[in-house]
Amino acid sequence: MEEKQRIIQELVPGRQITLAHIIANPDSVLYEKLGLNPAAEYSRSAIGVLTVSPAETAIIMADIAMKSSGAELGFVDRFSGSVIVTGTVSQVEAAIEAILLYVEGTLGYTVCGITRT
């Protein structure tokens, strides 16, 4: 008889931003599916998506995003480490760049590059 293998998965929080992505000109359906307002003035401009570990850092990232660029905060989850910002492409880009700069330079986290679609 073959012995079953048991796999244990666990999250080991590193100090890192694992995703920093800009979606330019998203369809209004995407706004709706994310629970964002597709009729807002920034609609169809850009959405920025970030994930971080440890998850509580999302609170700091949300604060930096709003203060640095004029981007709107679409969503922040201190339990999963997800942050969504919306605004013009330049606002979202400035917000993400400010977040990466602060988190890497001040907090000493490892950060990924910014990707775009």
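I looked up the side chain of Ser53 and found that it reaches the backbone oxygen of Gly14 at 3.3 Å. I count a polar contact as a pair of N or O atoms within 3.5 Å; within protein, one must be able to donate a hydrogen and the other to accept it, and residues adjacent in sequence count only if both atoms are side-chain atoms. The model is predicted, so I note that local features need pLDDT of at least 70 and side-chain atom pairs count only at pLDDT 80 or more, while totals for chains, interfaces and linings use all residues. Residues are numbered from 1 along each chain as its sequence is written, and side-chain values use heavy atoms, with hydrogens and water left out.

Ser53, continued. Ser53 lies in strand 2. Helices (H or I, at least four residues) and strands (E, at least two) are DSSP runs, numbered from the N terminus. Ser53 counts as buried because its relative accessibility is 12%. Buried means under 20% relative accessible area, exposed over 50%, and partly exposed in between (1.4 Å probe, protein chains only). The peptide bond from Ser53 to Pro54 is cis, with omega near 0 degrees. Pro54 itself is in the loop between strand 2 (46-53) and helix 2 (57-69).

Helix 2. I checked its length: helix 2 has 13 residues and reaches 19 Å from its first C-alpha to its last, close to the 18 Å expected at 1.5 Å a residue. The expected span is 1.5 Å times one less than the number of residues. Its buried residues are Thr57, Ala58, Met61, Ala62, Ile64, Ala65 and Ser69. Seen down the axis of helix 2, they fall within an arc of 165 degrees, so they line one face of the helix. The arc is that of the directions from the helix axis to the C-beta atoms. These buried residues pack against strand 1, strand 2, strand 3 (72-77), strand 4 and helix 3; contact means heavy atoms within 4.5 Å. Gly70 follows helix 2 and has a positive phi, near 85 degrees.

Cores. I then looked up the largest nonpolar core, which has 20 residues; those with the most contacts inside it are Ile17, Leu50, Met61, Ile96 and Ile99. A nonpolar core is a set of buried Ala, Val, Leu, Ile, Met, Phe, Trp, Tyr and Cys residues joined through side-chain atoms within 4.5 Å. Strand 1, strand 2, helix 2, strand 4 (82-87) and helix 3 (89-105) each supply at least two residues of this core. Helix 3 gives the most to this core, with 6 residues. A second, separate core has 5 residues, including Ile23, Tyr31, Ile47 and Ile84.

Ile17 is in strand 1 and, at 3% relative accessibility, counts as buried. Not counting residues up to four places away in sequence, Ile17 touches Thr51, Val52, Met61, Ile99, Leu100, Val103, Thr110, Val111 and Cys112. Ile17 and Val111 are 94 residues apart in sequence and 4.8 Å apart in space, C-alpha to C-alpha. Leaving aside its neighbours within four places in sequence, Ile96 is in contact with Ala20, His21, Ile22, Gly48, Leu50 and Ile114.

Asn25. I found Asn25 in the loop between strand 1 (16-24) and helix 1 (28-33). Phi of Asn25 is near 50 degrees, positive in a residue other than glycine. Asn25 counts as exposed, at 56% relative accessibility.

Whole chain. I noted 3 helices and 6 strands, in the order β-α-β-α-β-β-α-β-β from the N terminus on. Of the 117 residues, 35% count as buried.
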